[in-house]
There are 2 protein chains.
Amino acid sequence: VTPALADSDLLARIPTATDVADAARLLDGVAVRTPLLRAPLLEHSGRRVFLKCEIFQHTGSFKFRGAYNCLARIPQSRRAGGVVAYSSGNHAQGVAAAAKLLGLLAVVVMPRDAPALKRERTAAHGAEVVLYDRERESREEIAGRIARERSATLVPPYDHPHVIAGQGTVGIEICGQLEKLAPDIVLVPASGGGLLAGIALAVKERHPSARLVAVEPAGFDDHARSFVSGRRERNAKLSGSICDSLLAPMPGELTFEITRRLVNEAVSVSDDEVRSAVGFAFRELKLVLEPGGAVALAALLAGKVDAGGKTVAVVLSGGNADPVTFGSAIGA
Amino acid sequence: VTPALADSDLLARIPTATDVADAARLLDGVAVRTPLLRAPLLEHSGRRVFLKCEIFQHTGSFKFRGAYNCLARIPQSRRAGGVVAYSSGNHAQGVAAAAKLLGLLAVVVMPRDAPALKRERTAAHGAEVVLYDRERESREEIAGRIARERSATLVPPYDHPHVIAGQGTVGIEICGQLEKLAPDIVLVPASGGGLLAGIALAVKERHPSARLVAVEPAGFDDHARSFVSGRRERNAKLSGSICDSLLAPMPGELTFEITRRLVNEAVSVSDDEVRSAVGFAFRELKLVLEPGGAVALAALLAGKVDAGGKTVAVVLSGGNADPVTFGSAIGA
């Protein structure tokens with residue numbers, strides 16, 4: 001385990017593929033090496049489709065990887081203060097579970113409208129949950145205040161080199177699990193861009209010609225607009241999509257420095273396309289996806305990428321579905 | 001492919017572990033080698049738990065294996081008549097999909113109260129669906145009449161050596177996927193007993209001390225009672241359980257000759273225990289199970305077997321869940 005740098009230095013450092021490889025060593029035997037399932041039902045026009053099932057990761061989403069990689073590297077001198085995080089739910093659970101494994105106290109700042117299941121599960125991992133109003137309060141400010149008051153280490157949901165590197169281990173696994181096949185297209189859900197940046201680092205290192213595609217909810221297409229303008233663009237809204245886990249206000253600073261170079265394209269999917277993908281996963285794949293975890297599949301199903309003859313990896317990033325939302329998507 | 005015997009000889013022949021190995025060779029590259037997922041959330045008291053995910057099999061259940069193994073062995077001289085099968089749904093889909101792959105005509109006799117999804121999917125594979133009344137008509141008689149009229153080959157849902165052998169390939173895979181671990185307990189859903197008999201043949205051949213446990217819906221515990229009395233006992237009812245895929249009237253003749261020797265125990269689970277398992281799989285495992293496919297998991301969750309310190313394999317046999325039933329089980 002590399003000792004953490006002083007915060008200001010650490011937080012400004014753009015991670016590399018080497019950091020992702022370090023994270024993979026740290027996470028070996030701790031995180032689940034989630035299966036890459038072949039999906040014959042999605043294969044036509046000569047394309048091969050593989051689903052990276054991060055829904056089977058601890059806490060039901062990829063977020064455990066980045067959280068654990070970050071928390072495990074907190075130096076001994078700072079461990080007593082514990083950690084504080086802000087999250088709509090999946091990062092919260094990831095941090096809470098990692099903190100429990102590592103014996104750290106955790107406080108999590110969550111929006112009042114986060115799915116009840118995610119709040120309950122975060123608390124069930126032993127974290128203290130502090131609620132805020134997504135439209136009127138700043139979660140960064142609340143978390144910052146708690147960090148100062150308690151000398152706790154802030155664990156951002158995406159804009160942190162250890163978090164990005166941890167999420168990137170998904171990309172290393174995809175490449176390894178494809179064995180002799182090279183991925184032509186990798187479809188990755190994007191919000192703050194941590195998973196996208198990490199996977200891009202890992203995949204482009206191994207397969208420079210792979211096409212990295214960010215998938216965003218319609219109306220929250222900050223990556224698409226930022227890639228066009230060349231600077232970080234903000235979303236007009238902070239709520240109002242079925243994809244509760246993909247509502248970051250804009251790409252992260254560090255993540256965007258990576259994704260602007262390595263990501264080839266961004267596409268977006270409507271709430272209806274997402275519901276349809278959740279229903280397809282239920283009926284045909286027998287997998288439980290939350291809306292935000294289904295956007296990459298939705299993009300493939302809705303024909304947002306030209307995948308004919310290609311080897312496509314689709315990241316199913318989270319499965320913490322609210323029962324009522326899920327029931328409505330499957331026509332229950 | 002072994003040529004089929006004359007019907008009367010073939011149907012009286014009790015399959016062996018060698019037949020299961022033959023089926024595995026035939027199904028290689030045709031059936032999905034479904035993943036055996038470790039379930040850390042189910043592990044306590046020193047037990048190791050592995051889930052055999054037949055929900056990812058073609059048509060969403062293990063039934064494709066036996067159907068394909070049976071249909072592929074129909075001799076050329078009998079192919080023109082096609083096949084006829086009776087089934088509450090999963091065998092129907094398995095036969096329809098196998099027939100389509102092999103270029104055979106298929107007629108399927110299904111109960112009028114089978115889930116709409118299963119009827120639709122059977123028809124979608126190109127099979128002709130004939131409906132009957134589960135309480136008042138005999139599916140065997142209807143299927144037998146169609147077989148005579150059309151010179152079609154009858155494909156029974158469990159009491160056929162090729163069907164039993166095909167289902168047994170699940171057991172070969174479990175043993176292979178456990179690598180150096182030996183299964184101490186294998187929990188298998190039971191209805192007619194085809195899956196149970198096949199898996200018992202495969203597992204006991206490799207691990208004679210493994211404990212094979214049949215899991216039945218409460219009120220449909222024909223295997224439990226038959227193991228006690230030593231002869232095939234009939235269920236009092238033909239409907240009335242949430243487990244629509246596990247309502248065979250009694251153990252099969254061939255299957256019982258195998259299971260009476262090789263199965264160690266039978267336990268049963270209530271509809272509430274099954275609903276609870278379907279909900280657990282949704283929330284914690286992110287897997288879609290139909291009620292009948294969830295009984296083995298339900299038995300483990302409800303503590304029906306003493307699994308402390310053991311290596312346990314749990315067969316998740318089907319995922320063709322009706323959306324309304326599923327929604328109710330998850331609290332949508």
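These legends accompany close-up views of a predicted model.

**View 1. The largest pocket and its lining.** Let's start with the open space: the largest pocket has a volume of about 1200 Å³. Its lining counts 41 residues, and those closest to the pocket centre are Arg38(A), Ala39(A), Pro40(A), Val32(B) and Phe56(B). Elements of chain A that give two or more residues to this lining are strand 1 (36–38), strand 2 (48–53) and helix 12 (271–285), while chain B brings strand 1 (36–38), helix 5 (90–102) and helix 6 (116–124). Strand 1 of chain A gives the most, with 3 residues. Sorted by class, the lining holds 24 nonpolar, 9 polar and 8 charged residues.

**View 2. Helix 12 of chain B and its packing.** Here we follow helix 12 (residues 271–285) of chain B, whose 15 residues should span 21 Å at 1.5 Å a residue; the end C-alpha atoms are 20 Å apart, in agreement with that value. Look for its buried residues: Val274(B), Ala277(B), Val278(B), Gly279(B), Phe280(B), Ala281(B), Phe282(B) and Leu285(B). In chain B, these buried residues pack against strand 2 (48–53), strand 9 (265–269), helix 13 (295–301) and helix 14 (323–330), and they also pack against helix 14 (323–330) of chain A.

**View 3. A salt bridge within helix 2 of chain A.** This view picks out one of the 36 salt bridges found over all chains. Arg25(A) pairs with Asp22(A), and their closest N and O atoms are 2.6 Å apart. Both residues belong to helix 2 (residues 17–27) of chain A, and because they are 3 residues apart, about one helical turn separates them. Arg25(A) is exposed, at 59% relative accessible area, whereas Asp22(A) is partly exposed, at 26%.

**View 4. Two salt bridges in chain B.** Asp133(B) forms a salt bridge with Arg136(B), with 3.3 Å between the closest N and O atoms. Arg136(B) is exposed, its relative accessibility being 72%. In the other pair, Arg211(B) meets Glu265(B), with the closest N and O atoms 3.0 Å apart.

**View 5. A salt-bridge network in chain A.** Finally, meet Lys52(A), Glu54(A), Arg65(A) and Glu173(A), joined into one network by salt bridges that share partners.

Terms used: Residues are numbered from 1 along each chain as its sequence is written. Chains are lettered from A and ligands numbered from 1 in the order in which they are written. This is a predicted model: local features need pLDDT of at least 70, side-chain atom pairs count only at pLDDT 80 or more; totals for chains, interfaces and linings use all residues. Side-chain values use heavy atoms; hydrogens and water are left out. On a 1 Å grid over the protein atoms alone, a cavity is a set of points where a 1.4 Å probe fits but cannot get out, and a pocket is an open set with protein on both sides within 12 Å along at least five of seven lines; lining residues have an atom within 4 Å of a point. Grid points are joined across faces, edges and corners, and a volume is the space filled by probe spheres set on the points. Helices (H or I, at least four residues) and strands (E, at least two) are DSSP runs, numbered from the N terminus. Ala, Val, Leu, Ile, Met, Phe, Trp, Tyr, Cys and Pro count as nonpolar, Asp, Glu, Lys and Arg as charged, and the others, Gly among them, as polar. The expected span of a helix is 1.5 Å times one less than its number of residues. Buried means under 20% relative accessible area, exposed over 50%, partly exposed in between (1.4 Å probe, protein chains only). Contact means heavy atoms within 4.5 Å. A salt bridge is a side-chain nitrogen of Lys or Arg within 4 Å of a carboxyl oxygen of Asp or Glu.
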